[in-house]
Amino acid sequence: MQLTLQSDYTLRVLIYISYHQDKIVTIEEIANFYEISAHHLTRIIHKLGELGYIYTIRGKGGGFRLAKTPSEINIGELIEKIESHFNIVECFDPTKKRCKILGPCLLKPLLADAMQKFIDTLKQKTLADLVINNNRLKNLITKS
């Protein structure tokens, strides 16, 4: 199972913001810290705002902050909302019916089960589980 860069960046954004809850965070700040494209982050911030995970503040002095506590942000549920699909092999895509063994093949149900277990594992964790009591990460992020 591989998550998209969008999911990776989304989680990194939320981790960063969770350590800066006392201030408004900007896209440029996060882009500089992680050395990633501000353009990619703009789309992610927009999506997180639409989904209610962050508040966005427009204008001079604007930016964003968490709209929920880290313990209210379930990692598995977030990933399900961010990922557009989980087509880990071609036969998962309903628009593609090219595989000659699609009907009797047992690979698809095996992978579907594994994928569900992956998501179920993520659903057992919240953002708080990633950031609370993680002093090494906190020190790294807050000294920027």
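## Meet the fold

From the N terminus on, the elements of the protein chain run α-α-α-β-β-α-α-α-α. That comes to seven helices and two strands, where helices (H or I, at least four residues) and strands (E, at least two) are DSSP runs numbered from the N terminus. This is a predicted model, in which local features need pLDDT of at least 70, side-chain atom pairs count only at pLDDT 80 or more, and totals for chains, interfaces and linings use all residues. Residues are numbered from 1 along each chain as its sequence is written, and side-chain values use heavy atoms, with hydrogens and water left out.

**The chain as a whole**

- Taken along the principal axes, the C-alpha atoms of the protein chain fill a box of roughly 60 × 30 × 25 Å.
- Of its 144 residues, 35% count as buried; buried means under 20% relative accessible area, exposed means over 50%, and partly exposed lies in between (1.4 Å probe, protein chains only).
- Among contacts (heavy atoms within 4.5 Å) with a separation of 6 or more, 66% come from residues 24 or more positions apart.

**Where α1 meets α2**

- Two packed helices are described by the angle between their axes and the distance between the axes.
- Here, the axes of helix α1 (residues 5-18) and helix α2 (residues 27-34) come within 11 Å and cross at roughly 110 degrees. This makes α1 roughly perpendicular to α2.
- On the α1 side, the contact is made by Arg 12, Val 13, Ile 15, Tyr 16 and Ile 17; on the α2 side, by Glu 29, Ile 30, Phe 33 and Tyr 34.
- By class, this contact of α1 with α2 has seven nonpolar, no polar and two charged residues.
- A note on terms: axes are lines fitted to C-alpha atoms, for helices over the stretch in contact, and angles run from 0 to 180 degrees between N-to-C directions. Angles under 35 degrees count as roughly parallel, over 145 as roughly antiparallel, 65 to 115 as roughly perpendicular and the rest as oblique.
- For the classes, Ala, Val, Leu, Ile, Met, Phe, Trp, Tyr, Cys and Pro count as nonpolar, Asp, Glu, Lys and Arg as charged, and the others, Gly among them, as polar.

**Helix α4 and its buried face**

- In helix α4 (residues 75-82), the residues Ile 75, Gly 76, Leu 78, Ile 79 and Ile 82 are buried.
- Seen down the axis of α4, these buried residues fall within an arc of 160 degrees, so they line one face of the helix; the arc is that of the directions from the helix axis to the C-beta atoms.
- Their cover includes α1, α3 (38-50), α5 (107-122) and α6 (127-131).

**Residues to find in α5 and the loops**

- Thr 126 sits in the loop between α5 and α6 and counts as buried at 17% relative accessibility. Not counting residues up to four places away in sequence, Thr 126 touches Pro 70, Ser 71, Ile 73, Asn 74 and Ile 75.
- Asp 120 is found in helix α5 and is partly exposed, with a relative accessible area of 34%. Its C-alpha atom is separated by 30 Å from that of Leu 140, 20 residues apart along the chain.
- Glu 35, in the loop between α2 and α3, has a phi near 60 degrees, a positive value in a residue other than glycine. Glu 35 is exposed, with a relative accessible area of 72%.
- Asn 133 lies in the loop between α6 and α7 (135-142) and has a positive phi of about 60 degrees although it is not a glycine. Asn 133 is exposed, with a relative accessible area of 72%.
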